[in-house]
Structures are given as structure tokens and as C-alpha cells.
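Q: I am new to this structure. Could you show me how to read a few of its features?

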Amino acid sequence: QVQLVESGGGLVQPGGSLRLSCAASGTIFSIYAMGWYRQAPGKQRELVATITRRSSTNYADSVKGRFTISRDNAKNTMYLQMNSLKPEDTAVYYCNTAPSAKDWGQGTQVTVSS
């Protein structure tokens, strides 16, 4: 199976930005629709952004206008640019197939706090 590894998380102040990366061990982004998910403490995992094979994108209302999902098929890497971050964006972020997924990786922690 293709392995997915998230990176780029960290601690940022409200209003700041982060760019998350999702590296795949093999070709996947040209085959499947992909997405970024997040799970905050005490909450269910939620899908926040998706990108199809034809590069159509969709976003959860909570991140629309602030987050941008993209991919580089040649590098087998997907990105999530996060701007204007809010404390409620604090969560572990995961990449996987969308709109459903299984076999989750470790994710990357994003903490937004002053």
C-alpha cells in the first residue's frame, strides 16, 4: 500500500500561516481524489479540504477562504496552505483519500495559540 507522511505542523500565533505537506511513497494523487482531515481534542475527525483528479477543490465552511489544497503529482506530494489561522484550527492534520479513507498515519500537529 502507498504510505502517506504528513509534515509541516507546528505552533503559530493567531493570524499566522503554515504550509502542510503530504508525501506519498508511490503514485496516488493522479489516481484518487485526496483530502486533508483534522481531528481536534475530543472531536471527531473531519474532512476540511478535497482535491479531485481533475483538480476540483472543496472546503469545509470553517476553512473556506483561508485554506488552499494543492498537489504536485510529479513529486507525489500534496499541500495544505493555511492562512489567517485561528485557535479553533488547532488539531492533528492528516492526509488521505477522500471522501472516505482508512489506514491513518501519524498526522502532524497544528497548534494556534498566543
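This is a predicted model: local features need pLDDT of at least 70, side-chain atom pairs count only at pLDDT 80 or more; totals for chains, interfaces and linings use all residues.

Q: In what order do the strands of the open sheet lie, and how do they pair?

A: In general, strands of a sheet pair through backbone hydrogen bonds, either parallel or antiparallel. Here four strands make an open sheet in the order β1-β3-β8-β7, and the pairing is antiparallel. At the edges are β1 (4–7) and β7 (67–72), each pairing on one side only. Four bridges join β1 to β3.

Q: How do I read an aromatic pair, and how many does the structure hold?

A: The general idea is to give the distance of the ring centres and the angle of the planes. The structure holds two such pairs. For Y37 and W104, the centres are 4.8 Å apart and the planes stand at 85°, so this pair is edge-to-face. Y37 lies in strand β4 and W104 in the loop between β9 and β10, so the pair ties together parts 67 residues apart in sequence. The rings of Y94 and W104 are also edge-to-face, because their planes are at 75°, with centres 5.8 Å apart. Together, Y37, Y94 and W104 form one aromatic cluster.

Q: Which residue lies over the face of W104?

A: That is R45, at 3.9 Å from the ring centre.

Q: Is A74 buried or exposed?

A: A74 counts as exposed, because its relative accessibility is 77%. You will find A74 in the loop between β7 and β8.

Terms used. Residues are numbered from 1 along each chain as its sequence is written. Side-chain values use heavy atoms; hydrogens and water are left out. Two strands pair if DSSP finds at least two bridges between them. Helices (H or I, at least four residues) and strands (E, at least two) are DSSP runs, numbered from the N terminus. Buried means under 20% relative accessible area, exposed over 50%, partly exposed in between (1.4 Å probe, protein chains only). Rings of Phe, Tyr and Trp (its six-membered ring) pair if their centres lie within 6.5 Å; planes under 30 degrees apart count as stacked, over 60 as edge-to-face and the rest as tilted. A charge sits over a ring if NZ of Lys or CZ of Arg is within 6 Å of the ring centre and within 35 degrees of the ring normal.
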